[in-house]
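Hi,

Here is the structure I promised to pass on. Have a look, and then read my notes below.

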Amino acid sequence: MASPGMPAALFSRRGLFFLLQAAISLGALAYALAGVDLPLLWQALRGYAPWAVGLSLCALALDYACMGLRLHTLLSAGTRYALSLKAVLLCVGYNNILPAKAGDAMKVVFLTRKTGMSLLDVSSIILWERLLDVLSLLCVALLAYTLLGTGQRLLLPVLLVLGGGGLFFCLRCWSAWFHAAYARFFPGRMATLCSRLHEQIIDKISLPRVLRGFVLSLGTWSCYFASFVISLRLVAGLPLDGVQMLTVFAVTCLGMAIPSSPGGLGVFEGAMVLSLSWFGVEQSAALGIALYTHALHFLPAALAALLLNGSRGFWKAADQPESSRRIDGQGDTI
């Protein structure tokens with residue numbers, strides 16, 4: 001039986017975690033704002049060409065379209081692409097608004113209600129989405145480090161990639177041993193949950209389908225990078241070459257991976273201003289384009305999520321027979 005002080009202890013840990021997230025965000029935002037000349041900042045923002053802003057919005061739309069297509073390839077065959085795109089916008093939008101990546105939880109609930117798939121099946125698909133994003137980000141970081149000629153820094157990313165691949169190989173090849181270990185070392189329900197997760201995420205995974213998902217993930221991140229290139233070169237007119245822009249992109253994305261406030265407020269600006277400073281960009285100009293780029297990826301998705309969530313019948317469960325789920329010849333559900 002749980003002790004009376006346990007809820008208070010959990011709340012205290014959770015409070016400290018959110019306090020740490022807020023401190024990281026405020027610290028990064030303070031760094032981005034330090035020494036900024038406000039008149040110069042306003043002048044930089046006013047100088048952005050409308051046609052370049054429109055072009056960056058097109059790259060953003062293509063980014064979301066690729067994310068929707070990736071999710072569509074992982075879901076059941078009867079799922080419409082429009083449903084996958086709505087789930088993506090709901091997730092990204094509410095992750096920008098709510099703490100603790102609540103958008104991912106809303107995405108799982110939404111897809112469970114709309115597709116008729118089990119909560120575990122949908123959760124495993126979303127987990128694979130995140131794993132593909134992590135792998136794509138590692139590829140971006142590796143490429144940036146390689147093009148900058150900093151070969152001595154490649155060791156850690158290479159070890160992470162090899163370690164992840166080795167872990168998956170072990171979990172798949174010695175699956176029976178892991179299932180037996182779950183039953184032996186965990187309580188009844190926990191053992192069942194771990195075993196089912198292992199089965200869905202490792203045992204039944206279709207490798208060709210994951211490969212297609214990875215290719216689409218690279219396409220998604222390419223569109224994301226394109227929006228940065230358009231923002232830096234055409235909107236802000238910064239004299240950066242391709243390697244420098246890739247470095248700014250990689251550092252900003254890695255900074256966004258740090259747990260912080262909803263939407264990475266403060267951390268996004270701090271990481272982008274820091275990386276731009278390495279290439280001689282003045283702080284006011286750097287903060288201006290950082291604010292613009294963050295707003296580009298924050299406001300449209302948040303607005304779309306709010307509109308979708310408030311639309312009639314958005315959360316209404318759809319009846320879908322079990323036979324309509326996509327099952328391949330090996331019994332794969334992903």
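Is Asp-104 buried or exposed? Asp-104 is buried, because its relative accessibility is 13% (buried means under 20% relative accessible area, exposed over 50%, partly exposed in between, with a 1.4 Å probe and protein chains only).

Before going on, some ground rules: this is a predicted model, where local features need pLDDT of at least 70, side-chain atom pairs count only at pLDDT 80 or more, and totals for chains, interfaces and linings use all residues. Residues are numbered from 1 along each chain as its sequence is written, and side-chain values use heavy atoms, leaving out hydrogens and water.

Overall, the chain has 13 helices and zero strands (DSSP runs numbered from the N terminus: helices are H or I with at least four residues, strands E with at least two). Of its 334 residues, 42% are buried.

Now the salt bridges (a side-chain nitrogen of Lys or Arg within 4 Å of a carboxyl oxygen of Asp or Glu): there are five by this rule. Asp-104 pairs with Arg-130, with the closest N and O atoms 2.7 Å apart. Arg-130 sits in helix H6 and Asp-104 in helix H5 (residues 102–115), so this bridge ties together parts 26 residues apart in sequence. Arg-130 is partly exposed, at 28% relative accessibility.

Arg-130 also has a salt bridge to Asp-133, at 3.2 Å between the closest N and O atoms. These two are about one helical turn apart, because three residues separate them in helix H6. Through shared partners, salt bridges join Arg-70, Asp-104, Lys-107, Glu-129, Arg-130 and Asp-133 into one network.

Cheers
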